[in-house]
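Subject: A structure for you to look at

Hello,

Here is the structure I promised to pass on to you. Have a look at it first, and then read on for my notes.

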Amino acid sequence: MMLVSLNPNIPRYFIEGYLGTDQLGYFAAITYIMVAGNTVVNALGQSASPRLAKLYADRRVDEYKRLLFRLVIVGIGLGVAGITLVVLVGEYILSLLYSPEYADYNHIFIIVMISAAIGFVSSFLGYSMTAARVFKVQPIINGIVTLTSLVVSFFLIPSKGLEGAGYTLIMVSFIQLLGHAIINLHIIRKAR
């Protein structure tokens with residue numbers, strides 16, 4: 001949990017150190033909007049977890065896979081809807097929620113939303129790992145994700161600014177998704 005809590009803050013430390021608190025304020029405000037999507041994903045993941053756990057424990061692998069597949073499709077759908085919304089009316093959303101000068105950062109908002117979309121799918125895969133009681137590998141995945149965040153932040157944020165921070169979030173989400181997908185494939189093979 002420490003790594004999970006630390007991970008989203010790593011780019012913020014680099015932003016503050018290299019770009020200053022003004023840029024950190026813009027970035028923090030934009031990334032905070034992802035909380036709405038994460039709230040929906042977490043509610044769905046937590047409500048599906050007991051059923052996933054029961055299906056896995058009963059070795060009803062096909063039903064487990066179907067439920068997991070539906071969750072992944074929901075994650076993809078939420079992500080695509082979020083990206084589409086931000087592309088179409090992101091400037092308006094930022095102006096409405098914060099102030100008109102935030103609209104200039106809509107390109108960052110789009111990048112952050114792409115990261116969130118990947119994260120939605122990854123979260124559902126994470127819930128399935130927990131439901132299958134696969135715990136030991138999770139700190140390893142989170143450690144790799146944290147190390148990736150540190151390295152990518154170090155290279156991209158000083159040179160690319162807030163775009164670099166957004167790309168860092170995408171890379172981190174992708175690495176986490178990849179780790180969760182590999183473990184889920186192993187879980188399903190093992191259950192058979």
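There are 6 aromatic pairs in this structure, which is a predicted model. One of them joins Tyr56 and Tyr64: the ring centres are 5.5 Å apart and the planes stand at 55°, a tilted arrangement. Tyr56 is buried, at 10% relative accessibility, and Tyr64 is buried too, at 1%. Another pair is made by Phe154 and Phe155, with 5.2 Å from centre to centre and 85° between the planes. Why does that pair count as edge-to-face? An angle over 60 degrees puts a pair in that class, so 85° qualifies. Phe154 is partly exposed, with a relative accessible area of 46%, while Phe155 is exposed, at 56%. You will also find an aromatic cluster, formed by Tyr26, Tyr98, Tyr102 and Tyr105.

**H5 and H8**

Helix H5 covers residues 61–97 and helix H8 covers residues 162–191; their axes come within 10 Å and cross at roughly 160°. Angles over 145 degrees count as roughly antiparallel, and therefore H5 and H8 are described that way. The crossing of H5 past H8 is left-handed.

**H2 and H7**

Which way do H2 and H7 run relative to each other, roughly parallel or roughly antiparallel? The axes of helix H2 (residues 10–19) and H7 come within 9 Å and cross at roughly 25°. That is under 35 degrees, so H2 is roughly parallel to H7. H2 and H7 have a right-handed crossing.

**A serine in H6**

Ser115 is a residue of helix H6. Is Ser115 buried or exposed? Its relative accessible area is 4%, which is under the 20% limit, so Ser115 counts as buried. Apart from its neighbours within four places in sequence, Ser115 touches Leu169, Ile170 and Ser173.

**Two arginines in loops**

Most residues other than glycine have a negative phi. Arg59 has a positive phi, near 60°, and sits in the loop between helix H4 (34–57) and H5. Arg59 is partly exposed, at 46% relative accessible area. Arg133 likewise has a positive phi near 60°; its loop lies between helix H6 (106–131) and helix H7 (137–160). With a relative accessible area of 64%, Arg133 is exposed.

Technical notes:
Residues are numbered from 1 along each chain as its sequence is written. This is a predicted model: local features need pLDDT of at least 70, side-chain atom pairs count only at pLDDT 80 or more; totals for chains, interfaces and linings use all residues. Side-chain values use heavy atoms; hydrogens and water are left out. Axes are lines fitted to C-alpha atoms, for helices over the stretch in contact, and angles run from 0 to 180 degrees between N-to-C directions. Helices (H or I, at least four residues) and strands (E, at least two) are DSSP runs, numbered from the N terminus. Angles under 35 degrees count as roughly parallel, over 145 as roughly antiparallel, 65 to 115 as roughly perpendicular and the rest as oblique. A crossing is left-handed if the near helix is turned anticlockwise from the far one by less than a right angle, and right-handed if clockwise. Buried means under 20% relative accessible area, exposed over 50%, partly exposed in between (1.4 Å probe, protein chains only). Contact means heavy atoms within 4.5 Å. Rings of Phe, Tyr and Trp (its six-membered ring) pair if their centres lie within 6.5 Å; planes under 30 degrees apart count as stacked, over 60 as edge-to-face and the rest as tilted.
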